[in-house]
Amino acid sequence: MSDHHPAEEAADEAVDTDRKAPQGSGPEPAVHHRPAPAAGPATRVAAPTDRTPAASRSAKPRARRALRRTLIALPVALGVLVAGSYMATALLDIPSPPTLAQLLTTEPSRQGDLFATRTIPASATPAPLPVHDEPLPATVPWKGERMPTGQFLATTHTNAFLVLRKGRLTHEWYRDGVGPTTRLSSWSAAKSVVSLLTGQAIEQGRLREGDRLVDILPQLETGGTYDAITVRDLLDMTAGVDVPENYNEYYPLTGTARMYLTRDLPAFAHDHRDVQFPPGSQGAYRSINTELLGQVLAKVQGRPLAGLLAENIWTPMGAQDSATWNLDHDDGNEKAFCCINATARDYAKLGQLVLDNGRAQGRQIVPLAWIKRIATPAPHEVDGWGYSAQWWHPPGGNGKDYSALGVYGQYIYVDPASRTVVVKLSDHGDQQDEQETFDALRAIAQSR
C-alpha cells in the first residue's frame with residue numbers, strides 16, 4: 001500500500017506557503033533600519049505586492065480553508081465508496097465487504113467459519129476407530145520421481161492425513177495448529193455425501209433416477225431443453241447446466257464462486273437455467289448439478305440436508321464429533337455442492353462406511369445397490385475421468401478404487417482391493433496435482 005497522503009501534502013504545502021510568503025524575492029527586512037535617503041525626482045515609494053507580509057497574511061486563511069475542504073472531502077469520498085460497496089453486495093445478495101475481505105485471507109479449510117451453518121450433532125453412541133499403528137512407506141511416486149512421504153504431505157499443504165486398513169486406524173498425522181477435533185471443510189467432497197443421501201431416498205421410494213428435475217421443482221420449468229434434466233443427469237454430471245466451475249476468489253461474481261457466495265441458492269438456481277448441451281449426452285463437471293440435487297432431496301424428504309445427514313448417516317455410523325454444513329444465510333439452505341465441516345476421523349468413517357458396502361455398527365445404512373452404483377463408472381466420463389453418482393474414478397491404478405474429491409486437496413479415497421481408506425485434507429492449489437496425489441495415495445494403500 002502506498003504511503004501517499006493527499007491531505008498531509010496539502011497541509012505541508014499550506015505551511016510552506018505561510019513560511020515563504022513574507023520573504024518575497026529578497027532577504028527579510030532587518031529590525032533596525034538605516035535612515036531612508038531623501039526623496040528626489042527619481043525616488044518612488046513601492047506599492048504593496050503579492051509578496052508583501054500583508055498579502056501573506058491573507059493567503060493563510062485561504063490555505064487553511066483549502067486544507068479543511070480536503071480533510072472533509074476525503075472521508076466523505078471514502079464513505080461514499082464504502083456505502084457503495086455495501087449497496088453493491090446487498091444488490092448482488094452476497095456477503096458484506098468485510099466478509100469478502102476475510103475470504104481473501106482465510107485458508108480454504110477454515111472458510112466455513114465465515115458463513116452461517118446448521119449443526120450435525122455427534123452420535124449418541126460414537127464408535128471410536130480402533131488403532132493399530134503402522135508406518136507409512138518411506139517414499140511415494142511424485143511427478144516421475146520418488147519423494148519422501150513427509151515431504152509429499154508438506155508439498156501438498158496437508159492439514160490432516162489418516163490411513164485406515166481393514167477398519168483400523170494405522171496412521172494419523174496433523175500439521176501444527178490442527179488436531180483430531182479440528183473441523184475442516186470438505187469442499188466438493190460433500191458431493192459424495194449428497195450421493196449417499198440420494199441412494200437412501202431412492203431405496204425409500206421417495207425418488208427415482210429417472211425423475212425429471214422440474215417435476216419435483218416446478219418453479220424451474222423453462223419450456224425448453226433444461227426441462228429434460230433428470231436426477232440421473234444430476235448424479236452423473238451430464239445435466240449440462242451452464243454455470244462454469246470458477247473458484248477464483250478475485251473473480252467472485254461468476255460461476256461456482258458466485259454460487260458459493262450467494263445468500264439465496266434457490267434464486268441462483270432459478271436464474272441459471274441455460275444448458276450447454278442436451279442433458280444426458282455428455283459429461284461435464286458442474287457444481288450446480290449437485291446443488292440442484294440437494295434441493296431435490298430437501299423437497300422430497302421434507303427436511304434440510306443437515307438433518308438428513310444427522311439422522312440417516314452421522315448417528316448410525318457412530319460419528320465421534322459434531323459437524324456443520326454451511327448455509328446460504330441464517331436458517332437457510334445447505335450449500336449441497338460443498339462445505340461440510342467435520343473432523344478427519346469422521347470423514348474416515350464415511351470412507352469406511354462405503355468400503356464396508358454401506359454397513360456400520362451392524363446396520364445397513366446405505367443400500368448395497370447404491371454402493372455398487374457409485375463403484376461402477378457411469379457411461380460418460382467427466383472431464384476425462386471416470387465418474388459415477390458424485391464419486392470419482394481416477395485414471396490408473398487397479399480400476400476398482402474411487403474417491404470423494406474436493407477442490408484445494410480434499411480426498412476420501414477408497415481402495416476395496418487393499419481394504420484401505422485414506423483421508424487427506426489440504427489447503428493446496430485450486431484443483432492442483434490431483435492425478436499425482438492419487439498416484440501417491442494408491443502407493444500408500446498398496447504398500448503392504
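**Note on a predicted model**

1. Helix α11 (residues 305-314) lies across β1, β7 and β8 (340-342) and runs at about 15 degrees to β1, with axes fitted to C-alpha atoms, for helices over the stretch in contact, and angles running from 0 to 180 degrees between N-to-C directions. Contact here means heavy atoms within 4.5 Å, while helices (H or I, at least four residues) and strands (E, at least two) are DSSP runs numbered from the N terminus.

2. This is a predicted model, in which local features need pLDDT of at least 70 and side-chain atom pairs count only at pLDDT 80 or more, although totals for chains, interfaces and linings use all residues. Residues are numbered from 1 along each chain as its sequence is written, and side-chain values use heavy atoms, leaving out hydrogens and water.

3. The open sheet is built from four strands in the order β1-β7-β8-β6, with antiparallel pairing, where two strands pair if DSSP finds at least two bridges between them. Its edge strands, β1 (117-120) and β6 (184-185), each pair on one side only. Four bridges join β1 to β7 (residues 323-326) in the antiparallel sense, and T119 stands opposite T324 in β7.

4. In helix α3 (residues 97-105), P97, T99 and L103 are buried, that is, under 20% relative accessible area with a 1.4 Å probe, protein chains only. Seen down the axis of α3, these buried residues fall within an arc of 165 degrees, so they line one face of the helix; the arc is that of the directions from the helix axis to the C-beta atoms.

5. Of the 448 residues of the chain, 48% count as buried, and the chain has 14 helices and 15 strands.

How values were computed. Buried means under 20% relative accessible area, exposed over 50%, partly exposed in between (1.4 Å probe, protein chains only).
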